[in-house]
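This report describes a single protein model, section by section. Please look at the sequence and the structure before reading on.

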Amino acid sequence: MVKTGATIFKVVLIFIGVFLLGITNEGSTPQIVVISGSVADEFTDAPIAGAEISLSNTDAVINITNTEGKFNLQVINLPDSFLVRAEGYNAQEVPINDPGIPIAINLRPKILIGQVSDPKGQPIKDATILWNGESISTD
């Protein structure tokens with residue numbers, strides 16, 4: 001059986017096509033995704049410096065907020081969410097919906113400092129406050 005130039009050309013094209021399909025499916029380069037945002041106090045809007053950012057499935061800290069409460073994460077595979085923790089605040093799991101839009105995170109303080117007073121400004125002893133789902137009594 002003698003192969004013509006056209007037949008050999010077709011065989012070579014098929015071989016190249018199969019080869020290229022294998023490369024694009026197996027050897028695709030992972031994309032680096034940048035996630036940015038800020039962390040602030042839920043009530044005062046003050047930036048929280050030193051807040052730890054970690055992936056939700058691990059305890060490894062991958063970033064810490066700067067003095068302005070801002071952070072930038074560079075990850076290879078986009079996670080569904082990440083965890084934000086700061087001393088004196090409740091930890092918060094943050095979903096990632098659109099990595100191109102900066103995320104504003106407001107953490108709720110673990111403690112409440114203040115005074116419960118009557119309309120005349122006098123402190124009320126043994127007042128009960130509901131805070132973060134817990135009942136707390138004043139002294």
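Aspartate 45 counts as exposed, because its relative accessibility is 55%; exposed means over 50% relative accessible area, buried under 20%, and partly exposed in between (1.4 Å probe, protein chains only). Aspartate 45 sits in the loop between β1 and β2 (52-55), and its phi is near 65°, a positive value in a residue other than glycine. Most residues other than glycine have a negative phi.

Aspartate 126 also has a positive phi, near 60°. Its place is the loop between β7 and β8 (128-131), and at 62% relative accessibility aspartate 126 is exposed.

## Basis of the model

This is a predicted model, in which local features need pLDDT of at least 70 and side-chain atom pairs count only at pLDDT 80 or more, while totals for chains, interfaces and linings use all residues. Residues are numbered from 1 along each chain as its sequence is written, and side-chain values use heavy atoms, with hydrogens and water left out.

## Overall make-up

The protein has one helix and nine strands, in the order α-β-β-β-β-β-β-β-β-β from the N terminus on. Helices (H or I, at least four residues) and strands (E, at least two) are DSSP runs, numbered from the N terminus.

Of the 139 residues in the protein, 23% are buried. The protein exposes about 10300 Å², and carbon and sulfur atoms supply 57% of that area; accessible areas come from the Shrake-Rupley method with a 1.4 Å probe, and for residues only the protein chains shown count as cover. Among contacts (heavy atoms within 4.5 Å) between residues at least 6 apart in sequence, 42% join residues at least 24 apart.

## Charged side chains

How many salt bridges does the structure hold? There is one salt bridge, a term for a side-chain nitrogen of Lys or Arg within 4 Å of a carboxyl oxygen of Asp or Glu. Its partners are glutamate 42 and arginine 108, at 2.7 Å, N to O. Glutamate 42 lies in the loop between β1 and β2 and arginine 108 in the loop between β7 and β8, so the pair ties together parts that are 66 residues apart in sequence. Glutamate 42 is partly exposed at 30% relative accessibility, and arginine 108 is partly exposed at 32%.

Aspartate 41, in strand β1 (residues 33-41), is buried and has no salt bridge; arginine 108, the nearest side chain of opposite charge, is 8.7 Å away. For charge, Lys and Arg count as positive and Asp and Glu as negative, while His and the chain ends are not counted. The side chain of aspartate 41 does reach the backbone nitrogen of threonine 44, at 2.9 Å. Leaving aside residues up to four places away in sequence, aspartate 41 touches several residues, including Tyr89, Asn106 and Pro109.

## An aromatic pair

The count of aromatic pairs is one. Phenylalanine 71 and phenylalanine 82 form this edge-to-face pair, with 5.9 Å centre to centre and 70° between the planes. Rings of Phe, Tyr and Trp (its six-membered ring) pair if their centres lie within 6.5 Å; planes under 30 degrees apart count as stacked, over 60 as edge-to-face and the rest as tilted. Phenylalanine 71 belongs to strand β4 (residues 70-75) and phenylalanine 82 to strand β5 (residues 81-85), so the pair ties together parts 11 residues apart in sequence. Both phenylalanine 71 and phenylalanine 82 are buried.

Terms used:
A polar contact is a pair of N or O atoms within 3.5 Å; within protein, one must be able to donate a hydrogen and the other to accept it, and residues adjacent in sequence count only if both atoms are side-chain atoms.
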